[in-house]
Amino acid sequence: MAGQAGGQSGRGSGGDAAAHALRESVREAVEPAVRDAGLHLEDVTVSRAGARSVVRVVLDLPDDVEGSLDLDAVAEATRPISAALDTVDPLHGAYTLEVSTPGTDRPLTEPRHFRRARGRLVRLVLTDGGTLEGRLRSGSAVETELVLDVPGARGAVTERVVPLADVVRGEVQVELNRALEEDLPELDGAADETTDHDEEA
């Protein structure tokens, strides 16, 4: 029994290592194409859906660019990403490429996430179990601390400075009126582009 369990564990570890290696191969292949498009590569995942592989690439704007990544920019970046995937040897057979943006439901866990959220209404989950909601100041450096304008009674606004070390995660709060005024993509969710690549005969 012990030998059988060990064999199963070994196969599982080997599978995990192969999946990690494939993910890194995909990341290395697409990163130059994303960089040439002037975008930031947020995440890459590779999974199986029946006989096909599903490659999910998440893109975002660079830290120093304000606004949101729209569907046209995602579609334009998809073409060179697709071409780059043709160079990935382990990615054989039919696969589906999904290119998307993080969307407003992405947890804010890194300084760059908070930089992208400057000026937005955010809810912080703190290490002491509490929460705090306020607007993240546009000028916040966010490397070590977050500066929020927290609304209070009778329209009063209080400045709160929260050390980044005290934050478990942040969440962008959807503001319907702001989204309508600025045509933000949060009304429709994250922008995405999906293409299927069939195995050549």
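Between which two elements does the loop holding Glu 175 lie? Glu 175 is found in the loop between β8 (167–172) and α4 (176–182), where helices (H or I, at least four residues) and strands (E, at least two) are DSSP runs numbered from the N terminus. The model is a predicted one, in which local features need pLDDT of at least 70 and side-chain atom pairs count only at pLDDT 80 or more, while totals for chains, interfaces and linings use all residues. Residues are numbered from 1 along each chain as its sequence is written, and side-chain values use heavy atoms, with hydrogens and water left out.

Glu 175 counts as buried because its relative accessibility is 16%; buried means under 20% relative accessible area, exposed over 50%, and partly exposed in between, with a 1.4 Å probe and protein chains only. The side chain of Glu 175 makes a polar contact of 2.7 Å with that of Arg 135. Such a contact is a pair of N or O atoms within 3.5 Å; within protein, one must be able to donate a hydrogen and the other to accept it, and residues adjacent in sequence count only if both atoms are side-chain atoms.

Val 161, in strand β7 (residues 157–163), has a relative accessibility of 39% and therefore counts as partly exposed. Leaving aside residues up to four places away in sequence, Val 161 touches Glu 145, Leu 146 and Val 147, contact meaning heavy atoms within 4.5 Å. The C-alpha atoms of Val 161 and Val 147 are 4.6 Å apart, although the two residues lie 14 residues apart in sequence.

The protein as a whole has 4 helices and 9 strands, which follow the pattern α-β-β-α-β-α-β-β-β-β-β-α-β along the sequence. Of its 201 residues, 36% count as buried.

In the largest nonpolar core, which has 24 residues, Leu 59, Ile 81 and Leu 85 touch the most other members; a nonpolar core is a set of buried Ala, Val, Leu, Ile, Met, Phe, Trp, Tyr and Cys residues joined through side-chain atoms within 4.5 Å.

A second, separate core of 16 residues includes Ala 117, Leu 146, Leu 148 and Val 150.
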